[in-house]
Amino acid sequence: MSRNKLQTLTEQMFYTLLCLKTECYGLDILERIPAMTENRVNIGSGTLYTLLEQFAEAGLIRETKVEGRRRSYILTKSGLEVLQNEVKRIEAQLADYRTVFEKEGRN
């Protein structure tokens, strides 16, 4: 996955990386994302395993254990940086939104 593709994360990408703050398996992620978003965000297993492969290739996560077909992963320093950059981008959007609507409210 090229660095450009990681400049803006999809919700599924964001929450997958967020889940990997702590070591977990793919099946754990499939359960955690809907739980942490109150079912607002879901991810299919095909999408998840494609993302995990791409994130590992890009050095954003690393594999920590292999038990048969089960693999666990954790976020790397690079992955944390990408996640933090996305949070800053989202916060900037929120600030822009508030600026626009606060101006409208005062007119």
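Q: How many salt bridges does the count come to?
A: The model is a predicted one. A salt bridge here needs a side-chain nitrogen of Lys or Arg within 4 Å of a carboxyl oxygen of Asp or Glu. By this rule the count comes to 3 salt bridges.

Q: Which residue meets E11 in a salt bridge?
A: E11 belongs to helix α1, residues 11-19. Its partner lies 29 residues apart from it, in the loop between α2 and α3, so the pair links distant parts of the chain. The N to O distance is 2.6 Å, and the partner is R40.

Q: Is E11 buried, partly exposed or exposed?
A: Buried means under 20% relative accessible area, and exposed means over 50%. E11 has a relative accessible area of 42%.

Q: What is the N to O distance in the salt bridge of E63 and R71?
A: The side chains of these two residues, E63 and R71, meet in a salt bridge. E63 is partly exposed, at 39% relative accessible area, and R71 is partly exposed too, at 37%. The N to O distance between E63 and R71 is 3.1 Å.

Q: How many residues apart are E86 and R89 in helix α4?
A: E86 forms a salt bridge with R89, with the closest N and O atoms 2.6 Å apart. Both residues lie in helix α4, which covers residues 77-106. Their spacing is about one turn of the helix, that is, 3 residues.

Q: Is E86 buried or exposed?
A: Residues under 20% relative accessible area count as buried. R89, at 26%, counts as partly exposed. E86 has 2% relative accessibility, so E86 counts as buried.

Q: At what angle do helix α2 and helix α3 pack, and what word describes α2 relative to α3?
A: Helix α2 is residues 26-36 and helix α3 is residues 45-58, and their axes are 10 Å apart. The packing angle is about 120 degrees. Roughly perpendicular covers 65 to 115 degrees and roughly antiparallel starts over 145. The angle of about 120 degrees therefore makes α2 oblique to α3.

Q: How many residues of the contact of α2 with α3 are nonpolar?
A: The crossing of α2 and α3 is right-handed. On the α2 side the contact is made by G26, L27, I29 and L30, and on the α3 side by S45, L48, Y49 and L52. Of these residues, 2 are polar and none is charged. The nonpolar residues number 6.

Definitions and conventions:
Residues are numbered from 1 along each chain as its sequence is written. This is a predicted model: local features need pLDDT of at least 70, side-chain atom pairs count only at pLDDT 80 or more; totals for chains, interfaces and linings use all residues. Side-chain values use heavy atoms; hydrogens and water are left out. Axes are lines fitted to C-alpha atoms, for helices over the stretch in contact, and angles run from 0 to 180 degrees between N-to-C directions. Helices (H or I, at least four residues) and strands (E, at least two) are DSSP runs, numbered from the N terminus. Angles under 35 degrees count as roughly parallel, over 145 as roughly antiparallel, 65 to 115 as roughly perpendicular and the rest as oblique. A crossing is left-handed if the near helix is turned anticlockwise from the far one by less than a right angle, and right-handed if clockwise. Contact means heavy atoms within 4.5 Å. Ala, Val, Leu, Ile, Met, Phe, Trp, Tyr, Cys and Pro count as nonpolar, Asp, Glu, Lys and Arg as charged, and the others, Gly among them, as polar. Buried means under 20% relative accessible area, exposed over 50%, partly exposed in between (1.4 Å probe, protein chains only).
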